[in-house]
Amino acid sequence: YAITGTAQGHTYVDPKTKKLTKSTNAYERPQPHACFILSVKDDLVNEGGIMDLWTREARIFKYGSGVGTNFSRIRAENEKLSGGGRSSGLMSFLRVGDRSAGAIKSGGTTRRAAKMVCLDVDHPDIEQFVNWKVKEEQKVAALVTGSRVCARHLSAIIAACVEHEGPGAHDASVNIRLRREIRSARQAHVPDIYIRRAIELARQGYETIDFPVLDADWDSEAYLTVAGQNGNNTVRVTDAFLRCLDEDGTWGLTARTDGSPVKSVRARDLWDRIGCAAWSSADPGIHFSTTINEWHTCPVSDPILSSNSCSEFLFIDDTGMSLASVNLLNVRKADGQFDIDAFEHACRLWTIALEISVAAAQYPSVEIARRTHDHRPLGLGFANLGGLLMTYGLPYDSDAGRALCGAISAIMSGAAYSTSAELAGELGPFAAYPANSEA
């Protein structure tokens, strides 16, 4: 399309030479991968470290994609630093990453950046992490309420000055109404500095005060002011933690630097905090780490530590996945029957297209380009299941509804696997297959 642009630090694998190659143009090769999972090292400024992560995330957000990262490698608050002193802790860095994501509109549009923040349940900062958004929501409530209280009382103080007849309009010992409004403002905890400022504005001839009233809209100034609003938070729990929970035992939090015990907490207390936080602020979510890795298809390559921003992509760090969804209503025949042949055909075509996209794409880092090329994860799914269920008169929460969903999922998976086998027969298996085939 003759669209050019300065290279943005992307890398791709040349399909002819199979070598990692730096992109020389921002648009010659696309970024079709909607989902990425990035790693982060316990390092501040070097490649693969914390500040480098924000750069890699920016490349992903800029071209409209989402990202997820497990931050459990980063040392906790007060853990020792190699150069002396103590770490400021994980939360201080998460706030930086949150502000960075908030400054970038996904794909250059008005959509917020899509970001997943994961933390293992044994990290020493887990309690702060769980309550992060709860506290930020409380700050929003305080800002909204406080702004309305201040605006109302300060306006009343100015009105008391402006509408006073005779001398002493700005003197509370003379102006009884002003004295009453000052007392009322102080009872509402309006700071004295603002009370004095309102009186001085009235003295200078102002008849109103410009005090912004905030609201609780998700895109309002109040929410833009607080932290934690540009990502989804998730706690990764293991079977060991769940057993500890069942037994009402104590759960150990361990240092990231040497694995030594830092603190013990009652498992049920931590679980209650997670539940209460999710009820209060819709975060954090839960990843069942042990179960996820038991179903892992490439366990030799690495364990699964995180997901993409919406958790439909669960795979190893530093990989990307392109997505495709088949609209189920488009494969419903006029007589109401589900067209299995058409659905299988669509799944086969999309599997081939997604496979091509792996080779056609550019990637936000050298490591992502290499690992995605070697593992070739594909994201095939379906959309409008709810619409299909409604056309059949099936409730969402019913055995029949779940059975239909399971059958469609099985057909989709079978068609994709069959197509992948055809591709492997022509091109050979993906590079990481031999190492993982016996796992």
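Predicted model: local features only at pLDDT ≥ 70, side-chain atom pairs only at ≥ 80, totals over all residues.
## Helices H3 and H4

Helix H3, which spans residues 126–162, packs against helix H4, residues 176–187, at an angle of about 170°, and their axes lie 9 Å apart. Since angles over 145 degrees count as roughly antiparallel, H3 and H4 are therefore roughly antiparallel to each other.

On the H3 side the contact is made by His153, Ala156, Ile157, Ala159, Ala160 and Cys161, while H4 contributes Arg177, Leu178, Glu181, Ile182, Ser184 and Ala185. Sorted by class, this contact of H3 with H4 comprises eight nonpolar, two polar and two charged residues.

## The seven-stranded sheet

Seven strands form an open sheet in the order E9-E6-E5-E4-E3-E12-E13, and the pairing within this sheet is mixed. Its edge strands are E9 (285–288) and E13 (378–383), each of which pairs on one side only, and from one strand to the next the twist averages 25°.

Helix H10, covering residues 340–360, lies across E12 and E13 and runs at about 145° to E13.

## The largest pocket

The largest pocket holds about 1,700 Å³ of space. Its lining consists of 47 residues, and those nearest the centre are Thr297, Arg376, Pro377, Leu378 and Tyr417.

Several elements, including E12, E13 and H10, each supply at least two residues of this lining, as do strand E11 (314–315) and the helices H11 (366–375), H13 (399–427) and H14 (433–436). Helix H13 provides the largest share of the lining, with nine residues. By class, the lining of the largest pocket has 30 nonpolar, 13 polar and four charged residues.

## The second largest pocket

About 380 Å³ of space lies in the second largest pocket, which is lined by 22 residues, with Ser39, Gly48, Arg56, Asp318 and Glu367 closest to its centre. Helix H1 (50–62) and helix H11 each supply at least two residues of this lining, and H11 likewise supplies at least two residues of the lining of the largest pocket.

In the second largest pocket, the lining divides by class into five nonpolar, five polar and twelve charged residues, whereas the lining of the largest pocket has 30 nonpolar and four charged residues, together with 13 polar ones.

Notes: Residues numbered from 1 in each chain as written. Heavy atoms only, no water. Axes fitted to C-alpha atoms, helices over the stretch in contact; angles between N-to-C directions. Helix = DSSP H or I, 4+ residues; strand = E, 2+ residues; numbered from the N terminus. Parallel < 35°, antiparallel > 145°, perpendicular 65-115°, else oblique. Contact = heavy atoms within 4.5 Å. Nonpolar A, V, L, I, M, F, W, Y, C, P; charged D, E, K, R; others polar. Pairing = 2+ DSSP bridges. 1 Å grid on protein atoms, 1.4 Å probe; cavity = no way out; pocket = protein on both sides within 12 Å on 5 of 7 lines; lining within 4 Å. Points joined across faces, edges and corners; volume = space filled by probe spheres on them.
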